[in-house]
Amino acid sequence: MAVLIETRGLTRHFGGLRAVDGVDFALQPGEIHGLIGPNGAGKTTFVSLLSGRLPAQSGTILLGGEDITRLPAHARVRKGIAYTFQITSIFPRLTVFDNVALAVQSQGSAELAARTRAALARVGLQGLEEQEAQTLSYGHQRLLELAMGLALNPKLLILDEPTQGLAASEIEGFKTLVRSLVPQTTVLLIEHNMEVVMDLATRITVLTFGRVLATGTPAEVRANPAVQEAYLGA
Amino acid sequence: MTGGGVKVWVLHLTLIAALFAAQFLLSPYHATNLARIMVLAVFAMGYNLAFGYTGLLSLGHALLLAAGMYAAGLPAQLWGWTAGPAFIAGIAGGGLVAAALGLLALRTAGVSFMIVTLMFAQAGFLTLLYFAPITGGDDGFAVAAASRTLMGFDLSTDTPRFLAALTIFAIGLCASLALVRSPFGRTMVAMRENEERSRMLGMNPFTVKLAALTISGLYAGAAGAAYAILFGYVGASFATIQYSILPMLYVLLGGAGTTLGPFLGALLMFALIEAATGITTAHQFIVGAALVVLVLFAPKGILGTIRERWARWLS
């Protein structure tokens, strides 16, 4: 199966800190891939390099074989890489509708209203269209963030700590939603909640100190002694 | 920004109709003032599209006003262009200078953007003084009567002048309402609200802001050209910092990010200065005090406050 996105020797240092240090990584189309690692392992830096929020210092990023290392973030979004923020980043003073419409209209403005409502319905925010986004509950803001990512119709959806701050009941709904996205969309999931990762991911990559420690199925990763020592602590 | 479409359009068209009626009710002196206010309001509408909607706080819009004024006034002066072509040249002049300014200044943001735009405007002002033999410098020049006619109408007389100002105002107002209610209007607001998020939704902030600034320049150019043609004077004083601050004050007073705010702000500020001039020579002090009160108690401006409290459907 052709690789969707691939990095070779991807590197980003901040002064003496090797946040991402020569990472080789590949995503198969249609998988849900978990990215885990201790705090400060370089997970968010790594996906920031993928999405173009940060420029790479060295190494290459290939999307469907095409070198996108030097493309600006907005151009990568148009090529199908969507990123949802770890710290919810919505347009707080715009309505829920406008928040999602901004994502929808980047795909063309035909039937904008209908497509926007459909994206909202998909995450269960229908009926809240006219509310100002900042008045939503935190959980709903996370869902709005997700709806904006989905509305971009991405090939690759990067979810950075999506369940952080969600209630247990909301997490169940979230898992169902993510499962419904594949295989049309490939999902790269940074997640601290081990239950969620082990349950959702088809494969998992473990980062420590900016390097790949292990890659494999949840069972393989769980059984890996190096991972247990470095991260799971069990 | 969604919903309330019909109500909003009715409100705007009612204002235009009321202004049309005003010429029959006002004395010629006040009608001329109102024509002046409408032209200044066009300038402020352009400022509002950049500042109020897109979040570009420029201190250099005098440059764009002057660009329109001279792009219309100089061909009239040098080659005897009539009002129509001169006006179009003025709009183009404002847009071109805004695009050039944007290409350079939009590499910065925030306070740096304010300073860079201010510097370019000062450079423009000094250039006008330097070429005083052509531009008239501080003294400026009067636009010849022959260049102030449009299709046989003498725009230096009260009724044609008022109607010309109203036409430009009405087109500018409707265009700005249509723009801010369009998908591109939503994109402009996205820049103001959260540029980083906008980038991650696939928008290129530079091109969006460049387009918004250029549209703003078209408005400033139209206002500058209209001022030259309708009031018959072109001068470097319109390129001074004062004319960069004025549209900001109008917009802040009326309500930044509201389509009617620029007109309301221009009207009230004009009236305030008129009233203050009658009481004291220190009228700038009264204007300043009014602004301090405004910023303290209604930072969203008049219409911004009304929209927030009572009329969320306002554009």
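This is a predicted model: local features need pLDDT of at least 70, side-chain atom pairs count only at pLDDT 80 or more; totals for chains, interfaces and linings use all residues.
**View 1. Six strands of chain A form an open sheet with mixed pairing.** The order is 6-7-8-3-9-10. Strand 6 (81-84) and strand 10 (211-216) of chain A are the edge strands, and each pairs on one side only. On average, neighbouring strands in this sheet are turned by 20° against each other, direction ignored. Strand 6 and strand 7 of chain A are parallel, with 4 bridges between them. Tyr83(A) faces its opposite number, Ile158(A), in strand 7 of chain A.

**View 2. Strand 8 of chain A (residues 186-190) is largely enclosed by the rest of the structure, because 5 of its 5 residues are buried.** Burial covers both faces of strand 8 of chain A. Thr186(A), Leu188(A) and Ile190(A) are buried on one side. Val187(A) and Leu189(A) are buried on the other. In a regular strand, side chains alternate between the two faces of the sheet. Strand 7 (residues 156-160) of chain A runs parallel to strand 8 of chain A and is joined to it by 5 bridges. Here Leu159(A) has Leu189(A) as its bridge partner. Strand 3 (residues 32-36) of chain A also pairs with strand 8 of chain A in the parallel sense, over 4 bridges. For Ile32(A), the bridge partner in strand 8 of chain A is Val187(A).

**View 3. Four strands of chain A make an open antiparallel sheet.** The strand order is 2-1-4-5. Strand 2 (17-27) and strand 5 (66-67) of chain A stand at the edges with a single partner strand each, so one side of each is left without a neighbour in the sheet. Helix 1 (residues 43-51) of chain A packs on this sheet and touches strand 1, strand 2 and strand 4 of chain A. The direction of helix 1 makes about 60° with that of strand 2 of chain A.

**View 4. Strand 4 of chain A pairs with strand 1 and with strand 5 of chain A.** Strand 1 (residues 5-14) and strand 4 (residues 58-63) of chain A run antiparallel, joined by 5 bridges. Thr11(A) is opposite Ser58(A) in strand 4 of chain A. The bridge partner of Thr7(A) in strand 4 of chain A is Ile61(A). On the strand 5 side, the pairing is antiparallel over 2 bridges. Leu62(A) stands opposite Asp67(A) in strand 5 of chain A. Strand 4 and strand 5 of chain A form a hairpin with 2 residues between them. Gly64(A), in the turn, has a positive phi of about 55°.

**View 5. Chain A meets chain B through 23 residues of chain A and 18 residues of chain B.** Helix 2 (73-78) and helix 3 (96-105) of chain A each supply at least two residues of the side of chain A that touches chain B. Helix 3 of chain A gives the largest share of that side, 6 residues. By class, the side of chain A that touches chain B has 12 nonpolar, 7 polar and 4 charged residues.

**View 6. Helix 3 (residues 61-79) of chain B crosses helix 10 (residues 205-231) of chain B at roughly 50°.** The axes come within 7 Å. That angle makes helix 3 of chain B oblique to helix 10 of chain B. The crossing is right-handed. Residues of helix 3 of chain B in this contact include Leu64(B), Ala67(B), Gly68(B) and Ala72(B). Among those of helix 10 of chain B are Gly217(B), Gly221(B), Gly224(B) and Tyr227(B). The residues of this contact of helix 3 with helix 10 of chain B divide into 14 nonpolar, 6 polar and no charged.

**View 7. Helix 3 of chain B also packs with helix 4 (residues 83-105) of chain B, crossing at roughly 140°.** Their axes come within 7 Å. Helix 3 of chain B passes helix 4 of chain B in a right-handed crossing. Helix 3 of chain B contributes residues including Leu63(B), Met69(B) and Pro75(B). Helix 4 of chain B contributes, among them, Phe87(B), Gly90(B), Gly94(B) and Leu101(B). This contact of helix 3 with helix 4 of chain B has 16 nonpolar, 4 polar and no charged residues.

Notes. Residues are numbered from 1 along each chain as its sequence is written. Chains are lettered from A and ligands numbered from 1 in the order in which they are written. Axes are lines fitted to C-alpha atoms, for helices over the stretch in contact, and angles run from 0 to 180 degrees between N-to-C directions. Angles under 35 degrees count as roughly parallel, over 145 as roughly antiparallel, 65 to 115 as roughly perpendicular and the rest as oblique. A crossing is left-handed if the near helix is turned anticlockwise from the far one by less than a right angle, and right-handed if clockwise. Two residues are in contact if their C-beta atoms, placed from the backbone, lie within 7 Å. Ala, Val, Leu, Ile, Met, Phe, Trp, Tyr, Cys and Pro count as nonpolar, Asp, Glu, Lys and Arg as charged, and the others, Gly among them, as polar. Two strands pair if DSSP finds at least two bridges between them. A residue is buried if 20 or more other C-beta atoms lie within 10 Å of its own, exposed if 12 or fewer, and partly exposed in between; C-beta atoms are placed from the backbone.
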